[in-house]
Amino acid sequence: PPLERQQKRLSVKENRSDLGQGTLDMLILRTLALQAMHGYGISVRIQQMSNGVFRVNAGSLFVALQRLQRDGLIRSEWKATENSRRAKYYVLTQQGRKRLNAETTSWNRQVAAIARILEAE
């Protein structure tokens, strides 16, 4: 029945979380602060750390990685993977670490402010 399909589509959309550009950049930087990774690894790690709430689209990830590299926040190098294949690994730069710290501080301040507003009576 069409109504059931429409309800399923709605529930899928309601359960999916879209990441804005700035948020995705921050999550990538955080992931790379833990260790150097290739693109697929970054995507998997973000999904794992968010308990499946965030699934990063490969196209969005690629664009974000290019932007972060252009801005000097990450750099890349070709290395062998665990399966002995070659992959581009991304590494956080010192500038990237500084940006991550600033973004984390700002994010925490914003989240606290939003929580105060939502809890206001």
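Two residues are said to be in contact when heavy atoms of the two lie within 4.5 Å. With that in mind, residues 24 or more positions apart account for 47% of the contacts in this chain that have a separation of 6 or more. The structure is a predicted model, and every value in this report is computed from it.

## The chain as a whole

The chain contains five helices and three strands, and, read along the sequence, these follow the pattern α-α-β-α-α-β-β-α. Of the 121 residues in the chain, 26% are buried.

In soluble globular proteins, nonpolar side chains tend to be buried together. Here the largest nonpolar core has 18 residues, and the members that touch the most other members are Ile28, Leu29, Leu32, Ile42, Leu65 and Ile74. Two or more residues of this core come from each of helix H2 (21–34), helix H3 (39–49), helix H4 (58–70) and strand E3 (86–92), and H2 gives the most, with five residues.

Ile74 shows what such a position looks like in detail. Not counting residues up to four places away in sequence, Ile74 touches Leu29, Leu32, Leu65, Leu68, Gln69, Tyr90, Val91, Leu92 and Thr93.

Helix H3 has its own buried residues, namely Gly39, Gly41, Ile42, Ser43 and Ile46. What covers them includes H2, strand E1 (37–38), H4 and E3.

Two packed helices are described by the angle between their axes and the distance between the axes.

| Helix pair | Angle between axes | Distance between axes |
|---|---|---|
| H2 and H4 | about 75° | 10 Å |
| H2 and H5 (residues 94–119) | about 125° | 10 Å |

With an angle of about 75°, H2 is roughly perpendicular to H4, because angles from 65 to 115 degrees are classed in that way. In this contact, Gln21, Leu24, Asp25, Ile28 and Leu29 of H2 meet Ser60, Leu61, Ala64, Leu65, Arg67 and Leu68 of H4, and by class these residues divide into seven nonpolar, two polar and two charged.

The angle of about 125° between H2 and H5 makes H2 oblique to H5, and the crossing of these two helices is left-handed. On the side of H2 the contact is made by Thr23, Met26, Leu29, Arg30 and Ala33, and on the side of H5 by Gly96, Arg97, Arg99, Leu100, Glu103, Thr104 and Trp107. The contact of H2 with H5 has five nonpolar, three polar and four charged residues.

Leaving aside neighbours within four places in sequence, Asp25 is in contact with Ala64, Arg67 and Leu68.

Gln69 lies in helix H4 and, at 31% relative accessibility, counts as partly exposed. Not counting residues up to four places away in sequence, Gln69 touches Ile74, Arg75, Ser76 and Tyr90. The C-alpha atom of Gln69 is separated by 9.4 Å from that of Gly96, although the two residues are 27 residues apart along the chain.

## Residues in the loops

Most residues other than glycine have a negative phi, and most peptide bonds are trans. Against that background, Asn51 is worth a look, as its phi is near 55°, a positive value in a residue other than glycine. Asn51 follows H3, in the loop between H3 and H4, and counts as exposed at 71% relative accessibility.

Ser84 likewise has a positive phi, of about 65°, although it is not a glycine. Ser84 is found in the loop between E2 and E3 and is exposed, with a relative accessible area of 65%. Glu82 is also placed in the loop between strand E2 (74–80) and E3, and at 65% relative accessibility Glu82 counts as exposed. Leaving aside neighbours within four places in sequence, Glu82 is in contact with His38 and Tyr89.

Terms used: Residues are numbered from 1 along each chain as its sequence is written. This is a predicted model: local features need pLDDT of at least 70, side-chain atom pairs count only at pLDDT 80 or more; totals for chains, interfaces and linings use all residues. Side-chain values use heavy atoms; hydrogens and water are left out. A nonpolar core is a set of buried Ala, Val, Leu, Ile, Met, Phe, Trp, Tyr and Cys residues joined through side-chain atoms within 4.5 Å. Buried means under 20% relative accessible area, exposed over 50%, partly exposed in between (1.4 Å probe, protein chains only). Helices (H or I, at least four residues) and strands (E, at least two) are DSSP runs, numbered from the N terminus. Axes are lines fitted to C-alpha atoms, for helices over the stretch in contact, and angles run from 0 to 180 degrees between N-to-C directions. Angles under 35 degrees count as roughly parallel, over 145 as roughly antiparallel, 65 to 115 as roughly perpendicular and the rest as oblique. A crossing is left-handed if the near helix is turned anticlockwise from the far one by less than a right angle, and right-handed if clockwise. Ala, Val, Leu, Ile, Met, Phe, Trp, Tyr, Cys and Pro count as nonpolar, Asp, Glu, Lys and Arg as charged, and the others, Gly among them, as polar.
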